[in-house]
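Dear colleague,

Here is the structure I promised to hand over. Please look through it first, and then read on for what was found in it.

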Amino acid sequence: MQASVMRVAVIGSAGQLGSDLIRVLYEAGSYDVVPLSRAELDVTDRQGVEKAIVSNGLDAVVNCAAFTRVEDCEDEPARAFLVNAQGALEIARACAHAGALCVYISTDYVFDGEKGAPYAEDDAVLPVNVYGVSKLAGEFLVRQAASRWLIVRLASLFGARGSRAKGGNFVETVLARARAGLPLRVVNDITMSPTYTRDAAHALEALIRSEATGVYHGANAGHCTWFEFAAAALELAGVTAEIGAVGAASYPAKARRPKNSSLDTRKLTQATGFSPRPWKAALRAYLIEKDYLKT
């Protein structure tokens, strides 16, 4: 069924995840990659999406486009649903018309964080903020509209390109503040699975190559609190800073966060043979890539 060369479109190609995915697909050597940045394709434009997907002879479409600013989603729910749900629906419908696999990037925020252990793909979903609800709506619409679909949930992304919407990423912010001599106060009662976008891209490539369908989790192995993540970044980068652990209540926010939204990735490994490395090893690789750490 799978051709020797697969033609894959990456929507949101200029973003933190999309740029790494394009790089990984090119390096794999068995893909004809069609990058589609936000400037080139508005995912909410039905005609534009249909034209871009149906006319390109695509085997798969990876939708990395998203409205990810969690606080802003609370203020702009219509925009969150427009991009994260309706946009996902437009892409899924076009994929069905083109006979292409629809790959939707989702989030750990579809869970409420009350399980007390890493979430498996079939655990009950119950998002606690608008962003999570909008992404879950996108999941349901993809499942309803696409003839073949793959949903991959990622979490707490960090990558070389940085989040364009957020002006960098958490690691960049921590190191910048530390180097500026500013004290750091980081939340130590919210647990997640940090995800290096390069490793997430390899997980996506493995799933596409394996012709997998269904729901998968693609985070790096293990979990930590944001404080533990920040402390590890400082230690690995050799940066000394004043850092203290605080509770989430110290930073009142419009959007609730799940207490523990860490992800179990065993299903990914069983399906593809690819095992995401531990988050701390991924963090070290990221720091080397950014030239913050010498090998």
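**Aromatic pairs and what surrounds them**

Tyr 109 is buried, and Tyr 131 is buried as well, where buried means under 20% relative accessible area, exposed means over 50%, and partly exposed covers what lies in between, calculated with a 1.4 Å probe on protein chains only. Before going further, please keep in mind that this is a predicted model, in which local features need pLDDT of at least 70 and side-chain atom pairs count only at pLDDT 80 or more, while totals for chains, interfaces and linings use all residues. Residues are numbered from 1 along each chain as its sequence is written, and side-chain values use heavy atoms, with hydrogens and water left out.

Rings of Phe, Tyr and Trp (its six-membered ring) pair if their centres lie within 6.5 Å, and planes under 30 degrees apart count as stacked, over 60 as edge-to-face and the rest as tilted. By this rule there are 10 aromatic pairs. The ring centres of Tyr 109 and Tyr 131 are 6.2 Å apart and their planes stand at 75 degrees, so this pair is edge-to-face. It links distant parts of the chain, since Tyr 109 is in the loop between S4 and H5 and Tyr 131 is in helix H5, 22 residues apart; helices (H or I, at least four residues) and strands (E, at least two) are DSSP runs, numbered from the N terminus.

Tyr 196 and Tyr 286 also form an edge-to-face pair, with 6.0 Å from centre to centre and 80 degrees between the planes. Here too distant parts of the chain are linked, with Tyr 196 in strand S9 (residues 195-196) and Tyr 286 in helix H10 (residues 279-289), 90 residues apart. Tyr 196 counts as buried because its relative accessibility is 2%, and Tyr 286 counts as buried at 0%. Both belong to one aromatic cluster, together with Phe 158, Phe 170, Trp 226, Phe 229 and Trp 279.

**The nonpolar cores**

A nonpolar core is a set of buried Ala, Val, Leu, Ile, Met, Phe, Trp, Tyr and Cys residues joined through side-chain atoms within 4.5 Å. The largest one has 36 residues, and those with the most contacts inside it are Ile 11, Ile 53, Val 61, Ile 91 and Val 142. Among the elements that give two or more residues to this core are strand S1 (6-11), helix H4 (77-98) and helix H5 (130-145), and H4 gives the most, with 8 residues. Apart from this core lies another, of 29 residues, among them Leu 175, Val 187, Trp 226 and Tyr 286.

**Strands S7 and S12**

Strand S7 (residues 184-187) and S12 pair in the parallel sense over 4 bridges, where two strands pair if DSSP finds at least two bridges between them. Val 187 stands opposite Val 246 in S12.

**Two residues with positive phi**

Most residues other than glycine have a negative phi. Ser 156, although not a glycine, has a positive phi of about 45 degrees; Ser 156 lies in the loop between S5 and strand S6 (157-158) and counts as buried, at 17% relative accessibility. Glu 211, also not a glycine, has a positive phi of about 55 degrees, and Glu 211 is partly exposed, with a relative accessible area of 37%.

With best wishes
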